[in-house]
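This report describes selected local features of a protein model.

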Amino acid sequence: MNTTLALAAEFPEFDIQSALARIGSEADWIGLRYVQETTHRRSVRNGKPEDNSVTFERGVMVEARVDGQLAYAGTSDLSEKGLREATRQAVRLARISAPHKAMTFTDRHRPQAVGRYLSPHRAGLDTQSLGEFTDRLIAASRHLKVADKIVNATAEATLVETRLQYASTNGSDIDEQFLLVACNFGVTAQDGGVTQRRSLNGPVARCRQAGLEFFDFEALYAECERAGVQALELLAADDCPNETLDLVLAPDQMLLQIHESIGHPLELDRILGDERNYAGWSFVRPEDFGRLQYGSHLMNVTFDPTVEGQFASYAFDDCGHAASREHLIKDGLLLRGLGSLESQSRLGLPGVANFRAASWNRAPIDRMANINLEPGSGSLDDIVAAVERGVYMESNISWSIDDYRNKFQFGCEYARLIENGRFTQVLKNPNYRGVTVPFWQSLTRVGGTSEMFGTPYCGKGEPSQIIRVGHASPPCLFTGVEVFGGGL
C-alpha cells in the first residue's frame with residue numbers, strides 16, 4: 001500500500017461550541033479560537049532526499065473581556081479542565097490589567113460573525129503517494145543541475161493543512177479550512193572564486209492556496225533547467241553598472257518592494273508605535289491618510305483577502321471582522337491603513353480586516369494579507385521598448401530597509417541591461433536603492449498582467465510571529481533610480 005501525502009494525526013474531533021458552553025466564567029465576553037495544523041515538508045538536495053517530515057499542532061486561544069479590557073491565554077490541553085484553567089487565567093489577566101487599559105473594548109471590537117471558508121483546490125493530498133512526490137522532487141533537482149559548475153541544486157515543497165474555528169459568547173461561529181502549498185527550486189553555481197545563485201522567483205516566493213494541481217512538474221522541469229542555465233550565465237556576466245537610470249522590476253521582485261515599502265509602513269499598530277522596539281516604526285503619520293501622494297497616479301494598491309487561490313485569502317480575520325477588498329492607495333493617494341478594529345478605534349482611521357495570529361498560542365495583531373498592485377496596461381516588451389537605457393531585475397536575494405520603512409536597498413538574483421528598447425547583456429549582482437515616497441512617485445509604467453507570489457515568513461510581534469502573506473503585481477518601470485553592482 002502506498003502512503004499518500006495526506007498522512008495526518010488522528011486527533012479526536014474538537015467541538016468548539018460545546019467547549020464554549022461548558023467552560024463558564026464571570027467574564028463579560030469570551031471568545032475561543034481553535035487552530036489545528038498539519039505541515040508536510042519535503043526537500044531534496046543534489047538528487048538525494050534531505051527532509052521528509054510531518055508536524056502536527058493544535059490548541060485553543062481563550063480571550064476574555066472584563067471591565068472593558070481584553071486578555072488572552074492559550075492552551076494545548078483541550079480537556080474541559082484545561083480549557084477552564086486557560087479561561088480563568090485570561091479572566092484574571094483582564095481583571096488585573098483593566099484599570100490600566102489603553103481603550104475600552106466592547107462587542108464592536110469583537111463583532112458577531114458566522115460563516116465558512118474553504119480554500120480552493122482540485123487535487124487533495126490523498127491523490128499522490130509520498131514516494132511519487134519525492135521522486136518528482138528528485139527529478140527536479142537533477143533538471144536544475146545542468147552542468148558540473150552547479151554545486152548545489154535544491155527542490156523543496158511545504159504542504160500545509162489548517163483548520164481555524166472561532167466561537168464567542170456573542171454568537172460568533174466561524175469555520176475556515178485552508179490547503180496551502182509553497183515551494184523553492186534553486187541552484188548555486190561556482191567557478192573559481194565566483195559564486196552565483198538562481199532560483200524560480202526567489203526563495204519560497206511561489207506559494208498559493210491550492211492542492212497538488214499547483215505542481216505541474218513537466219513545466220517545472222523546463223523552468224529548473226532555465227534557472228540552471230541562467231546561473232551559469234551569471235558566472236560569466238559583468239557586474240551591474242553603478243549609475244542612475246530607468247529600472248524595470250519583474251513581478252517576483254515587486255513582491256518585496258510592495259511588502260517592505262507599502263505593507264509594513266501602512267500597519268496601524270506600527271504607526272501607533274506598538275512595534276517600534278522590535279520590528280520598527282513607520283514614516284507614515286496619522287494625518288497623512290487622505291493627503292499623502294504616496295506615488296504616481298499609476299499606483300493603485302489594494303488589500304484583498306478575497307482573491308481566489310492567493311496565499312493570504314480568508315473570509316474573516318481573527319476577531320471575526322469580515323474580509324473585503326479595499327483600496328489602500330488610489331491614483332497614488334494614500335487612503336487607508338492596515339489596521340484591525342482595535343487599531344482603527346485607537347487612531348480614528350479606516351482600516352481593514354487584518355487582525356491575525358500565527359497560531360493558537362499567539363494573540364492577533366495587525367498583519368498584511370494579500371497586498372496587490374493593480375494592473376495597468378501593456379506587456380513587459382512594451383515597457384522595455386520605452387526604455388532608452390535601463391536595467392531589468394528579477395527575484396529578490398537581499399534586502400535592507402530602515403526602521404521607518406523609508407530608505408531601502410534591495411538586491412536581485414538576475415538582471416539584464418536594456419539599451420534602446422531591448423534587452424542586451426546579462427548582469428550579475430544587481431542592486432538598487434531609494435526612498436519610499438520618491439521611489440513610488442517615479443513609477444511611470446505598470447504592466448497589464450499580474451503574477452501572484454507571496455511568502456510564508458513575514459515576521460513581526462513580541463513574542464515573534466511568522467505569518468503568510470500574498471502579493472501580486474505586474475512588471476513596473478521606475479525612472480531615475482540609483483542602481484549598483486557588487487561591492488558597493
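In which strand is the place of Ser395? In this predicted model, Ser395 lies in strand E17, which comprises residues 389–401.

**Backbone geometry**

Most residues other than glycine have a negative phi, and most peptide bonds are trans. Ser395 has a positive phi, near 65°, and is buried, with a relative accessible area of 0%. Asn46 likewise has a positive phi, in this case near 50°. The position of Asn46 is the loop between strand E1 (29–45) and strand E2 (48–66). With a relative accessibility of 34%, Asn46 counts as partly exposed.

| Residue | Phi |
|---|---|
| Asn46 | near 50° |
| Ser395 | near 65° |

A cis peptide bond, with omega of about 0°, links Glu462 to Pro463. Pro463 belongs to the loop that lies between strand E22 (451–460) and strand E23 (465–473).

**Surroundings of Ile466**

Strand E23 also holds Ile466, a partly exposed residue at 43% relative accessibility. Apart from its neighbours within four places in sequence, Ile466 makes contact with Ala358, Pro456, Tyr457, Cys458 and Gly459. Between Ile466 and Arg163 there are 17 Å in space, C-alpha to C-alpha, and the two are 303 residues apart in sequence.

**Helix packing**

Two packed helices are described by the angle between their axes and the distance between the axes. For helix H3 (residues 130–144) and helix H4 (residues 217–236), the angle is about 30° and the axes are 7 Å apart. Because angles under 35 degrees count as roughly parallel, H3 is roughly parallel to H4. The crossing of these helices, H3 and H4, is right-handed.

On the H3 side, the contact involves Phe133, Arg136, Leu137, Ala139, Ala140, His143 and Leu144. Their counterparts in H4 are Phe217, Glu218, Tyr221, Cys224, Glu225, Ala227 and Gly228. By type, the residues of this contact between H3 and H4 comprise 9 nonpolar, 2 polar and 3 charged.

**Helix H5**

How many of the residues of H5 are buried? The number is 13 of the 13, so H5 is largely enclosed by the rest of the structure. The end C-alpha atoms of helix H5 (residues 251–263) span only 16 Å, whereas a straight helix of 13 residues would span 18 Å at 1.5 Å a residue.

Terms used
Residues are numbered from 1 along each chain as its sequence is written. This is a predicted model: local features need pLDDT of at least 70, side-chain atom pairs count only at pLDDT 80 or more; totals for chains, interfaces and linings use all residues. Side-chain values use heavy atoms; hydrogens and water are left out. Helices (H or I, at least four residues) and strands (E, at least two) are DSSP runs, numbered from the N terminus. The expected span of a helix is 1.5 Å times one less than its number of residues. Buried means under 20% relative accessible area, exposed over 50%, partly exposed in between (1.4 Å probe, protein chains only). Axes are lines fitted to C-alpha atoms, for helices over the stretch in contact, and angles run from 0 to 180 degrees between N-to-C directions. Angles under 35 degrees count as roughly parallel, over 145 as roughly antiparallel, 65 to 115 as roughly perpendicular and the rest as oblique. A crossing is left-handed if the near helix is turned anticlockwise from the far one by less than a right angle, and right-handed if clockwise. Contact means heavy atoms within 4.5 Å. Ala, Val, Leu, Ile, Met, Phe, Trp, Tyr, Cys and Pro count as nonpolar, Asp, Glu, Lys and Arg as charged, and the others, Gly among them, as polar.
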